Amino acid sequence: MGVPEKLAERMSMAERHEYLRSRFSRRTLIRGGAVTLGTVAGGAFVPGAVTPAAAATPTAPAPRATEHVDGALAAPFGRHLAWGNDPRTEVTVSWQVPVAVKRPFIRVGAHPWELSRKIEAEVRTLHTPAGVGASGDHTQYYVHARLSRLRPGHTYYYGVGHQGFDPAEPHLLGTLGTFTTAPAHKAPFTFTAFGDEGVGYHGLANNALILGQNPAFHLHAGDIAYGDPSGAGKTSDTGFDSRTWDQFLHQTESVAKQIPWMPAYGNHDMEAWYSPNGYGGEEARWSLPDNGPDAADLPGVYSFVYGNTAVISLDANDISYEIPANLGISGGTQTTWLEAQLRKFRAARDIDFVVVFFHHCAYCTSTAHASEGGVRQEWVPLFEKYTVDLVINGHNHQYERTDVIKGDTVVKKLPVGGTAYPETEGVVYVTAGAAGRSLYAFTAPDTYEGHEHEVESVSSFVNLKDGKKPETVAWSRVRYLDYSFLRVDVTPAPRGRYTTLTVSGIAETGERIDHFTVSRRAK
């Protein structure tokens, strides 16, 4: 992005950001302004409070009035939903507009013909000047509306617009979307997950299949759009192109406009121009739960509870030895927060399962990145201590699933169709990084449902502080080298009986390539 390669290698993310700002910035950056948010209860609008915009989100100066276009000529695009802190009552609707418009808003109601409630929305403007990568002088306008006091287990209709473009007008009713809040009580549900999507045919194909699963939400395990194709957080990457995000959000809109799309941040999501931590661009594009560690500068770290399942999103850039641009950025507060969350969820009366997702792999035998030693050192002991039920990663562009692991060794072989009992055994790790980007490779042959090719051990390596360390592992149970995603079906049970997570690997073709069950006694 403009820093010489040799110089960039010696810089932290914050130093790279400062270098770019001193070289390219010619504008006064301001934080996003205040925004009036609204709440919805049973289809009725309840006035909300004025709330400050997301901290550390860099913006260009507000456009002059003469820079606004006729709103009738500009349509919103790239709609994507996210849960708030409580999926039963809180949803954020986000979208883009191609140019500066006046008075963006959302309409929401219990029926498509009852959208009289109109709520103002927040604009986060992101400017990328010429010379920072390949995107030229480009300004993006991201819009967000946070809805609260929703009714659990209800479907709402919504439309997004601005002055001159009102989705309640008859000729624009086709632009409406829907979302459904989490139920108030335990009930069966499905969620999906993958990582490393980018823009292209395979990502689009997987999105179409995910929509057909009718999931309650979707987890994206990092490396989202690949606006920065280097993935090292380096300012020397001339391939950085902010316009890639416009394409990505348009690509995912068919799913994300009705299914909350919950990302964790990967190495390709660190963009040095926008903020010292590399996440200023992400803070402009996403509105995620804000319940992460207060002292950490990591907006992709959060948790939520859906039904009987708690989900935790982590930022492995903070502990990555392989790609150290943000190594140690939280000063240990993320790991402290993680343990507090695990302890809380395990003690909660209504939570049976804990699912953790993040980018860098704890256990993988890919020839590209393989395993991250920082994750094994910092987080794996906590996963084992608090008997985490499922860990989902991306980073390596393939599908791989482990046996049941504890202490870096196999506690129990878990063949296709097998069952794991984390309370007494260990943890299962799934790499689901084949969402759309070019595929990597294995040293051992593929082995998946209907095409098992069992081997006793696989040669691989783990990234440590001092570099790569070769290792020979016995825990690689399923390997599939083609595009795929993960489907998880959650089935509650009465107290004392066994409740289950049924986990399936689904190929881009629709073929099932893996399935196993995680089971524990319901609380």
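## Overall architecture

Of the 523 residues in the protein, 60% are buried, where buried means under 20% relative accessible area, with exposed over 50% and partly exposed in between (1.4 Å probe, protein chains only). This is a predicted model, in which local features need pLDDT of at least 70 and side-chain atom pairs count only at pLDDT 80 or more, while totals for chains, interfaces and linings use all residues. Residues are numbered from 1 along each chain as its sequence is written, and side-chain values use heavy atoms, with hydrogens and water left out.

The protein has 8 helices and 29 strands; these are DSSP runs numbered from the N terminus (helices H or I, at least four residues; strands E, at least two). Among the contacts with a separation of 6 or more, 73% are accounted for by residues 24 or more positions apart, a contact being heavy atoms within 4.5 Å. The accessible surface comes to about 19300 Å², and carbon and sulfur atoms hold 51% of that area; accessible areas come from the Shrake-Rupley method with a 1.4 Å probe.

## Packing of helices H3 and H4

Helix H3 (residues 201–213) packs with helix H4 (residues 244–256) at an angle of about 10°, and their axes are 9 Å apart. Axes are lines fitted to C-alpha atoms, for helices over the stretch in contact, and angles run from 0 to 180 degrees between N-to-C directions. H3 is therefore roughly parallel to H4, a description for angles under 35 degrees.

H3 contributes Gly203, Leu204, Asn207, Ile210 and Leu211 to the contact, and H4 contributes Gln251, Thr252, Ser254 and Val255. By class, this contact has 4 nonpolar, 5 polar and no charged residues. Ala, Val, Leu, Ile, Met, Phe, Trp, Tyr, Cys and Pro count as nonpolar, Asp, Glu, Lys and Arg as charged, and the others, Gly among them, as polar.

## Aromatic pairs

The structure holds 20 aromatic pairs, defined by ring centres within 6.5 Å for Phe, Tyr and Trp (its six-membered ring); planes under 30 degrees apart count as stacked, over 60 as edge-to-face and the rest as tilted. Phenylalanine 240 and tyrosine 274 form an edge-to-face pair, because their ring centres are 6.1 Å apart and their planes lie at 65°. Phenylalanine 240 lies in the loop between strand E12 (217–220) and H4, and tyrosine 274 in the loop between strand E13 (261–263) and helix H5 (280–285), so the pair ties together parts that are 34 residues apart in sequence. Both residues are buried.

Tyrosine 448 and tyrosine 480 also form an edge-to-face pair, 4.8 Å centre to centre with 75° between the planes. Tyrosine 448 counts as buried at 15% relative accessibility, and tyrosine 480 counts as buried at 8%. Elsewhere, ring pairs link Trp83, Phe189, Phe191, Phe217, Phe304 and Tyr306 into a cluster.

Note on methods:
Angles under 35 degrees count as roughly parallel, over 145 as roughly antiparallel, 65 to 115 as roughly perpendicular and the rest as oblique.
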